[in-house]
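Me: I would like to learn how to read the packing of helices and aromatic rings in a model. Could we go through one case together, feature by feature?

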Amino acid sequence: MEHYRLIIFLVTIVLFSILQNIFKRNSSIYSARQSKQRLKLNISMLLIFYICFKVFIPYELFSIAKLVHDKGIGLLNYFQLTGVGYYVSSVILLDLVIYWQHRLFHTSNFLWRFHRVHHSDKFLDASSAFRFHPIEMFLSFGVKVFFIVALGLSPQGVIVFEVLLSSFAIFNHANLRLSNRLNRHLARFFVTPDFHLVHHSDQRKIHDSNYGSFLSLWDKVFGSYLDSDIYLNDEFVTGLETPTKDKSVKIVSMLKLPFEKL
């Protein structure tokens with residue numbers, strides 16, 4: 001199961017890396033040398049988490065969900081939900097959980113220290129989906145485990161959601177220009193690059209919005225939606241300034257960032 005997920009992840013990276021060069025939205029603000037440094041940094045952040053995860057966490061989410069399901073633990077198992085309804089409900093509920101998790105990482109000063117590593121990227125492309133502090137990723141894993149157990153989510157639904165989450169993270173961070181018409185239609189249901197780019201504004205009143213990762217529904221239901229057509233103009237600036245003096249954004253600087261002064 002994990003091998004198939006890795007293959008889908010790699011195919012998605014390659015696909016959107018190609019597409020964002022064909023249908024480019026913005027020109028890079030970095031020189032060729034800086035762009036290589038930035039790409040190396042983003043990939044390194046992902047690899048550090050992956051290695052730490054393999055060392056310290058003995059179980060995948062699918063295995064945990066299967067154990068929970070076999071033991072009949074959790075809300076959905078209590079109601080004996082089965083079939084397609086069970087799978088779809090699990091995906092939707094996990095997406096709702098991640099929406100509120102993301103929102104909490106913005107509203108809690110402690111959690112924001114880790115999440116601002118992601119918002120430190122001054123230019124968005126597919127690799128921006130990798131720039132998360134390892135501690136944030138471990139906290140997110142813990143949140144997922146808690147709700148998988150509490151809600152009794154489907155093992156198949158969990159793995160489908162994980163594939164959707166990683167695929168959409170790459171898609172909605174991609175430097176990809178969609179037509180206004182296509183963006184409007186897709187954004188009715190799903191998070192698009194334009195929808196998510198607003199979330200990476202350098203202004204807090206703007207980046208505290210559009211928290212969705214997969215479904216765009218939650219932002220509209222819970223009042224955190226901002227229309228990209230209004231905010232994405234020539235004056236829009238992506239990413240936050242950081243207190244580090246290391247403008248080359250090296251890996252050590254990013255790992256230390258949560259412990260710098262806000």
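Me: How are helix 3 and helix 8 oriented to each other, roughly parallel or roughly antiparallel?

Reply: Please keep in mind throughout that this is a predicted model. Two packed helices are described by the angle between their axes and the distance between the axes. Here helix 3 (residues 61–71) and helix 8 pack at an angle of about 160 degrees, and their axes are 8 Å apart. Angles over 145 degrees count as roughly antiparallel, and helix 3 and helix 8 are therefore roughly antiparallel to each other. Helix 3 passes helix 8 in a right-handed crossing, and the contact is made by Leu61, Phe62, Ala65, Lys66 and His69 on the side of helix 3, with Pro155, Gln156, Val158, Ile159 and Glu162 on the side of helix 8.

Me: At what angle do helix 5 and helix 8 pack, and how far apart are their axes?

Reply: Helix 5 (residues 83–107) packs with helix 8 at an angle of about 50 degrees, with the axes 8 Å apart, and the two helices are therefore oblique to each other. Helix 5 passes helix 8 in a right-handed crossing. Among the residues that make this contact are Tyr86, Tyr87, Leu94 and Ile98 of helix 5, and Gly157, Val160, Phe161 and Leu165 of helix 8.

Me: Turning to rings, how many aromatic pairs does a search of the whole structure find?

Reply: A pair of aromatic rings is described by the distance of the centres and the angle of the planes. The search of the whole structure finds 21 aromatic pairs. One of them is formed by Phe146 and Phe147, which are edge-to-face, at 5.1 Å centre to centre and with 85 degrees between the planes. Of these two residues, Phe146 is exposed, with a relative accessible area of 53%, whereas Phe147 is partly exposed, at 29%.

Me: Which parts of the chain does the pair of Phe168 and Phe190 link?

Reply: Phe168 and Phe190 form a tilted pair, with 5.8 Å between the centres and 40 degrees between the planes. The pair links distant parts of the chain, since Phe168 belongs to helix 8 (residues 155–173) while Phe190 is in the loop between helix 9 (180–187) and helix 10 (193–197), 22 residues apart. Phe168 counts as buried at 15% relative accessibility, and Phe190 counts as partly exposed at 29%. Both belong to a cluster in which ring pairs link Phe16, Phe168, Phe171, Phe189, Phe190 and Phe214.

Me: Where do the charged ends of Arg204 and Lys220 sit?

Reply: The charged end of Arg204 sits over the ring of Trp112, 5.7 Å from the ring centre, and that of Lys220 sits over the ring of Tyr225, 5.4 Å from its centre.

Me: Is Ser209 buried or exposed?

Reply: Ser209 is buried, with a relative accessible area of 2%, and lies in the loop between helix 11 (204–207) and helix 12 (217–221). Not counting residues up to four places away in sequence, Ser209 touches Val198, His199, Asp219, Ser224 and Leu226.

Technical notes. Residues numbered from 1 in each chain as written. Predicted model: local features only at pLDDT ≥ 70, side-chain atom pairs only at ≥ 80, totals over all residues. Heavy atoms only, no water. Phe/Tyr/Trp six-rings, centres within 6.5 Å; stacked < 30°, edge-to-face > 60°. Buried < 20%, exposed > 50% of the residue type's maximum accessible area, 1.4 Å probe, protein only. Helix = DSSP H or I, 4+ residues; strand = E, 2+ residues; numbered from the N terminus. Lys NZ or Arg CZ within 6 Å of the ring centre and 35° of its normal. Axes fitted to C-alpha atoms, helices over the stretch in contact; angles between N-to-C directions. Parallel < 35°, antiparallel > 145°, perpendicular 65-115°, else oblique. Left-handed = near helix turned anticlockwise from the far one by under 90°. Contact = heavy atoms within 4.5 Å.
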